[in-house]
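Dear colleague,

Please find the structure below, handed over for your records. My notes on the ligand site, the pockets and the cavity follow it.

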Amino acid sequence: MNKDYWNERYAAGQTGWDLGKASPPLEDYIKQLGNKDLKILLPGCGNGYEALLMAELGFTNLTVLDIAPLAVEKLQDRLQSYPSVRILCEDFFEHVDNYDLILEQTFFCALPPSMREQYVQKMAELLVPQGKLVGLLFATEFDKAGPPFGGTTEEYLQLFSPYFTDAILEPCRNSIRPRQGNELFVKWVKKDL
Ligand SMILES: C[S@@+](CC[C@H](N)C(=O)[O-])C[C@H]1O[C@@H](n2cnc3c(N)ncnc32)[C@H](O)[C@@H]1O
């Protein structure tokens, strides 16, 4: 599941994860954020609907990143009225910077489970002390081979606890219909290590 894999999914239109709009639980979270100058990263952002929403709402310091050139080309079109949004075609694991907040939306579940520890370490590396990782994770394991790859609250707590604290993992009230009852809203604060 490298750059070519994801680019081919976009080329073939096999993008079943794509909601065509910002995910409602994330939209609610974004709309209640008071500080529009937070430095925010949206990794594995695909078509970047959350980024568009945030740009429209006046967030000033956004970076969106995806490994698939085709997704990034579309993002450049979609976000052309917002030149202040930084759009990167890059591997998340090679990205270097620091953020106050990182938003997760079907990126974690797209990675092979063998990369989960690396994901958590990289998230911690990219966040400032007390920075937040917020988003959505699937609430169950799936029978069929992924992606998406699911997981459980217990697994997530164990996985993130070396680097993150103040965990909130709660069932989403307003998931899209196919994900209802199967999605967790999660929020972690990076530990001062
Ligand atoms: C399941 S899609 C989700 C896209 C978007 N977040 C959404 O919800 O519509 C996973 C995305 O992660 C991107 N991706 C996968 N591995 C990546 C990596 N190592 N670095 C950056 N992006 C990656 C893929 O290109 C794809 O756009």
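**The ligand and its surroundings**

The shell around the ligand comprises 11 nonpolar, 4 polar and 3 charged residues. Please bear in mind that this is a predicted model. In total, 18 residues surround the ligand, and the closest of them are Y10, G44, D66, Q105 and T106. Two elements, α1 (3–11) and β2 (62–66), each contribute at least two residues to this shell.

At T106, an N or O atom of the side chain is 2.5 Å from an oxygen atom of the ligand. At D66, an N or O atom of the side chain is 2.6 Å from an oxygen atom of the ligand. Q105 takes part through its backbone: one of its polar backbone atoms is 2.7 Å from a nitrogen atom of the ligand. On its own, the ligand has 590 Å² of accessible area, and the protein covers 96% of that.

**The largest pocket**

Which pocket does the ligand take up? The space taken by the ligand is the largest pocket. This pocket has a volume of about 810 Å³. It is lined by 47 residues, and those closest to its centre are W6, G44, T106, F107 and A110. G44 and T106 are also among the residues closest to the ligand.

Several elements share in the lining of the largest pocket: α1, β1 (40–43), α3 (49–57), β2 and β4 (99–105) each supply at least two residues. The largest share comes from α1, with 4 residues. By class, the lining of the largest pocket divides into 27 nonpolar, 10 polar and 10 charged residues.

**The second largest pocket**

The second largest pocket has a volume of about 220 Å³. Its lining consists of P25, D28, Y29, I168, E170, P171, C172, R173, N174, F185 and K187. Here α2 (24–31), β6 (164–171) and β7 (183–190) each provide at least two lining residues. Of the residues that line the second largest pocket, 6 are nonpolar, 1 is polar and 4 are charged.

**The cavity**

How many cavities of 30 Å³ or more does the structure hold? There is 1 cavity of that size. About 60 Å³ of space lies in the largest cavity. The residues lining the largest cavity are Q105, T106, F108, C109, L136, L137, F138, R179 and E183. Strand β5 (residues 127–138) gives the largest share of the lining of the largest cavity, 3 residues. By class, that lining has 5 nonpolar, 2 polar and 2 charged residues.

With kind regards

Notes: Residues numbered from 1 in each chain as written. Predicted model: local features only at pLDDT ≥ 70, side-chain atom pairs only at ≥ 80, totals over all residues. Heavy atoms only, no water. Near = heavy atom within 4 Å. Polar contact = N/O pair within 3.5 Å; in protein donor to acceptor, adjacent residues only side chain to side chain. Areas by Shrake-Rupley, 256 points an atom, 1.4 Å probe, with all protein chains shown as cover. 1 Å grid on protein atoms, 1.4 Å probe; cavity = no way out; pocket = protein on both sides within 12 Å on 5 of 7 lines; lining within 4 Å. Sits in = over half its atoms within 2 Å of the grid points. Nonpolar A, V, L, I, M, F, W, Y, C, P; charged D, E, K, R; others polar. Points joined across faces, edges and corners; volume = space filled by probe spheres on them.
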